[in-house]
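Colleague: I have a structure on my screen and would like to learn how to read it. Could you take me through a few features?

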Amino acid sequence: MPRTTTLECPGCPPLRALTFDSLGLIKVIESRVPQVVERWGDPDPSKCVLAASIDDRKKDPLLAVARKNGEVEAVNPLNGEIHAVFSNVGEDGVQPEDDAISGLHLFRRERPSGKALHASISVTKTWKVCGSGNVLCSKVDGSENYAVFGGKGVEVNLWDLEDCTKIWTAKPPPKNSLGIFTPSWFTCTTFQSNDDHRKFVADTNSHQVHLYDISAQRRPVLSFDFRETAIKVVTEDQDGHTLYIGNGSGDLASFDMRTGTCIYFD
Amino acid sequence: MGGKRRNNEREAMEEYGDDVELDKKEKKKKMEKEKRREILPSMIKNKEKRSAVHAKLKHEKKVEKRKKLKARDAEEKRALELGEEPLPRKIPRTIENTRENDETVCKPDDEELFACNDADEFSSIIKRERTPKILITTSRFNSTRGPAFISELLEVIPNAHYYKRGTYDLKKIVEYAKKQDFTSLIVVHTKRREPDALLIIGLPDGPTAHFKLSRLVLRKDIKNHGNPTSHEPELVLTNFTTRLGHRTGRIIQSLFPQEPNFRGRRVVTFHNQRDYIFFRHHRYIFETKESKTSDSKGKKGKDSKGEKISQQKVIARLQECGPRFTLKLRSLQHGTFDTKGGEYEWVHKPEMDTSRRRFFL
């Protein structure tokens, strides 16, 4: 089965969901009669979609799609028209296939230029997020001033986007009682609510969920385990304290972050 | 029980207003039901009497069924003799017939399926750009039936090599195999001195399929078995309908060379039924049999099927060789073996078994 990632349009029921897959297709699914309503693009595995980000404005909404061959497309989510295509080949000649895009965020302010947040590339500005290791996940907060990055061997860190400086780094967890040190491997991260840039959640490959508060301490404030496989995706709910988690063996759950209790599990 | 009776009575009242014939039929049915209700075996508390009544009921049912069958066969014979067309036979209701509708069943005109097939990990082998080279190994403890099974597997799959497991980590073995240009890695897992699971890992970053192995019968235990030759076998994959089944079929296809030697008359079958994959290995031979005269046999050939002159029938005789076993897919993981950090495409969970008519392959 092709691997899929989904982005939901916030708003009223009935739902309309856009899904992207490893063949580069964009499908629109509506929930009135659950079925694929539209399909954009041709099946082309080199155009595998790696990341996507939507700016759902009332006027002229825009969807940015990052593909495997290094292209970033700006697409209209209502009818699939491609507005612009950027190419993301690095300045030092690094091929896009080796240096895959792992996160994408579309900025709402200013002009709709898709900014690919990646270890070293962006359209307007470039900076290195980490010295070594792979950045696997990134998220920009609601006010678009701050961004959090995490990855394999890369501790979670918070950057100020105006100054391009790192303002906060997490501390690696203390050694195990047996003395074994597991290197940190963050697979996904999100801010807990749109307004507060201080609290964010990062999930690891060893099925743990950490809640960090930069105003409190460098270690996670709350952390708990979720089943046995790596957690692949996390998103926050609009109410600011519910979190949805999905892991590698197909389990979905929602947690209340104020207490760390599981609300719903599938 | 009282509720049912009341409902039945209500229905009876309603049907008084309908057709008289229908009314009579319903009445008859209800009478029968009442009769049966009187002597239901489950109402008898005494075990001996209960089992006697139950046995009697079953015997009656059996006799009735046999009578019906005889009557039907007699009718058919008579109709054939008279030259009329016999009544069409009714189709029995089976679990496969009444399988739950699955939306992931592959359709023949699905262009996304073809694009997926082109893009997946086995396309290079199936398009004959790479020849399959298999590495077989075992779990760390291996004894009794394990080695025998492996030696038979080595004869079934051409271009397979066996290496002892030692104490290597499976992830390290995957790396070594990649360096040596193997296309697949098979791990036979034994439990209690009996092989019970099969892990097929595609290389370099192919999917990992974990099968449960059961009902293993080795060649020496098969009556009248044959010995396999070293010709490339034909591969028969049947009944892999859904997308998941199709992908599993491709995993199995990538183990065997894509150029079968038809003259070698050797066939390997993977038949999927109700999510169980049955493995059989046969040698076959075509023979023509004349139904009137007695000279027959000895003719090898795939022709003479269209001959209508002397009632010759071409039949294929099979001789089983090699092991016989059943596989059931437990999980399919994207990427090479990584149970902790990997992403599973499909995992069998007990909560998926919601109905007896739901299958995934």
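Modeller: A:Thr229 has a relative accessible area of 7%, so A:Thr229 is buried. Buried means under 20% relative accessible area, exposed over 50%, and partly exposed in between (1.4 Å probe, protein chains only). A word on the source: this is a predicted model, in which local features need pLDDT of at least 70 and side-chain atom pairs count only at pLDDT 80 or more, while totals for chains, interfaces and linings use all residues. Residues are numbered from 1 along each chain as its sequence is written, chains are lettered from A and ligands numbered from 1 in the order in which they are written, and side-chain values use heavy atoms, leaving out hydrogens and water.

Colleague: Where is the place of A:Thr229 in chain A, and with which side chain does A:Thr229 make a polar contact?

Modeller: A polar contact is a pair of N or O atoms within 3.5 Å; within protein, one must be able to donate a hydrogen and the other to accept it, and residues adjacent in sequence count only if both atoms are side-chain atoms. Here the partner is the side chain of A:Asn247, at 2.9 Å. A:Thr229 sits in the loop between strand 18 (222–225) and strand 19 (231–236) of chain A. Helices (H or I, at least four residues) and strands (E, at least two) are DSSP runs, numbered from the N terminus.

Colleague: Is B:Arg219, which forms a salt bridge with B:Glu155, buried or exposed?

Modeller: B:Arg219 counts as buried, at 12% relative accessibility, whereas B:Glu155 is partly exposed at 40%. Their closest N and O atoms are 2.6 Å apart.

Colleague: And which residues form a salt bridge at 3.0 Å?

Modeller: That is B:Glu287 with B:Arg317. B:Glu287 lies in strand 8 (residues 276–290) and B:Arg317 in strand 9 (residues 312–320) of chain B, 30 residues apart.

Technical notes. Salt bridge = Lys/Arg side-chain N within 4 Å of Asp/Glu carboxyl O.
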